Amino acid sequence: MLEAGDRTLNDMRVGVAFAGDAEDPTARSGTPFGVLSAIRELGLSAVALKAAPPTNIDRAVAAVDAVAHLASRRSIPSAAQARETYSGAHLAKLTAKVRGSVLARRRELEEIDAIVALGTGYDIPAGIPYVVYDDMTVQQAVAMEYPVWMAMRESDRAFRVEQQRRIYLGAQMCCMTTTWAAESVIRDYGVPSSRVVVVGAGTHEKVRTVERDWSVPRFLFIGLDWNRKNGARVLAAFASLRERIPEATLDVVGGHPPIEQDGVTTHGRLYRNDASDLARLQKLYDRATCFAMPSVHEPGGVVFVEAAAVGVGSIAGNRGGSADFVGDAGLIVDPFDDGAIFDAMVSMADPATARSCGQRASVRAAMFTWPQVAGRILAALHPEIDLPIVVSPWVVAAQPRFRRTEHHEYVDPVRVHRRCRRRVGGDGDLQRRRMDQEGAVRVTERRYAQFH
């Protein structure tokens with residue numbers, strides 16, 4: 001049994017730090033709750049550490065910072081600019097400092113022995129071992145021009161980058177959801193590759209076998225952010241597909257605009273904490289033959305893991321980390337290439353192809369349960385831990401070489417002038433260790449024609 005001082009691992013209290021309430025199954029797509037509950041399920045004592053003051057105080061701190069930021073501008077901001085500035089203030093220096101102080105105090109009160117930190121928006125208390133679990137670096141968020149980050153002061157962004165660098169370098173291990181994020185930790189933050197591991201992401205969707213009719217293509221799209229999730233291009237590609245296959249259908253869930261298009265059924269937002277909504281969502285997954293969400297940019301996309309859990313293959317974009325979740329159970333496309341999206345939907349409309357991808361998705365789903373992910377995180381915290389873990393197939397073996405490719409303009413009807421200016425291509429080969437459940441290791445090469 002692993003010893004930690006005079007205490008065994010099973011006697012230790014592990015704090016799951018999160019800016020919100022980790023006990024809330026709906027917070028941040030259920031990720032904090034998934035990690036917290038899975039650590040408990042594995043037999044360890046886990047405590048939710050809310051790295052933020054009470055909600056009204058947290059909002060007040062952000063509001064004060066936002067007002068100061070807006071007052072420094074020469075022009076009167078629009079309502080949209082004010083909202084984005086307020087949202088950005090929740091990630092800025094003042095809020096991060098307050099949250100770090102709150103976390104330090106709560107750690108003392110709870111007598112925590114080690115911390116699993118979700119994100120880096122707060123300082124970690126000194127003198128305690130910790131690992132970070134993250135899906136995207138600040139450098140990546142800024143490069144992809146997330147509105148909340150672009151609305152911040154340059155000084156705040158610089159502070160958050162340096163804070164993140166300090167936290168990553170101080171961690172026993174940086175546990176990232178995808179190789180895309182892991183490579184940024186190595187490349188942009190100078191963390192040795194030996195202290196970066198890819199652990200994937202989990203889902204609350206139960207892994208189960210579903211009998212479905214593969215003869216008719218039924219596509220499913222789920223996304224709250226219609227523009228970032230590339231909803232308009234999916235609709236356009238589906239319209240062309242219907243000309244070939246009139247019986248094909250598309251179900252659209254999330255923050256979509258009004259849609260009147262043959263073969264398309266809209267469902268609006270469905271909430272997992274509502275029993276009737278959850279039942280509807282599960283039925284949509286169960287009848288789908290392909291999940292399609294080629295996002296303009298996506299850190300990972302837990303929805304791909306949810307689809308895999310019920311044996312559904314996916315179409316995803318290559319800007320971000322979704323390829324790690326989809327693997328060989330679907331198709332990865334350039335989200336700006338209308339023809340590529342259409343071709344992928346044509347391929348996945350073939351019953352044999354859809355069924356084959358679904359079968360591979362079912363096999364992969366075993367890696368993407370929260371106990372499996374939490375087990376990998378705990379193994380990063382204490383390498384000697386003995387848990388029934390399906391070994392992660394992703395190991396960052398080398399820093400790839402990068403080259404800049406052509407620019408793409410993304411026309412957003414809400415932010416017409418916003419551009420996604422950076423799309424990184426790659427000539428480099430990325431080696432990954434792939435391990436089966438018996439521990440056999442084989443090294444493969446994966447060449448990215450267009451690397452994320």
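This is a predicted model: local features need pLDDT of at least 70, side-chain atom pairs count only at pLDDT 80 or more; totals for chains, interfaces and linings use all residues.
**Notebook: helix contacts, a sheet and some loops**

Contact here means heavy atoms within 4.5 Å.

Residues are numbered from 1 along each chain as its sequence is written, and side-chain values use heavy atoms, with hydrogens and water left out.

**Entry: α1 and α15**

I looked up the angle between helix α1 (residues 31-41) and helix α15 (residues 370-381). They pack at about 75°, with axes 8 Å apart. The axes are lines fitted to C-alpha atoms, for helices over the stretch in contact, and angles run from 0 to 180 degrees between N-to-C directions. The two helices are therefore roughly perpendicular. That label covers 65 to 115 degrees; under 35 is roughly parallel, over 145 roughly antiparallel, and the rest oblique.

Which residues of α1 are buried? I found Thr 31, Pro 32, Gly 34, Val 35, Leu 36, Ala 38 and Ile 39. Buried means under 20% relative accessible area, exposed over 50%, and partly exposed in between (1.4 Å probe, protein chains only). These buried residues pack against β3 (13-18), β4 (45-50), β5 (114-118), β6 (130-134) and α15. Just after α1, I saw that Gly 43 has a positive phi of about 100°.

**Entry: the six-stranded sheet**

I traced an open sheet of six strands, paired in parallel, in the order β11-β10-β9-β12-β13-β14. The edge strands are β11 (264-266) and β14 (330-333), and each pairs on one side only. The twist averages 20° from one strand to the next. Two strands pair if DSSP finds at least two bridges between them.

I then checked one pair. Strand β9 (residues 218-223) and strand β12 (residues 290-293) run parallel and are joined by two bridges. Leu 220 stands opposite Phe 291 in β12. Helix α11 (residues 302-309) lies across β9, β12 and β13 (314-317), at about 175° to β12.

**Entry: two glutamates**

Neither residue is a glycine, yet I found a positive phi of about 55° at Glu 111 and of about 60° at Glu 145. Glu 111 sits in the loop between α4 (93-110) and β5. Glu 145 sits in the loop between α5 (138-143) and α6 (147-150). Are they buried or exposed? Glu 111 counts as exposed because its relative accessibility is 60%. Glu 145 is buried, at 5%.

**Entry: Ala 239**

I found Ala 239 in helix α9 (residues 231-244). Its relative accessibility is 32%, so Ala 239 counts as partly exposed. Thr 249 is ten residues away along the chain, and the two C-alpha atoms are 10.0 Å apart.

**Entry: whole chain**

I counted 15 helices and 18 strands. Helices (H or I, at least four residues) and strands (E, at least two) are DSSP runs, numbered from the N terminus. Of the 452 residues, 53% count as buried.
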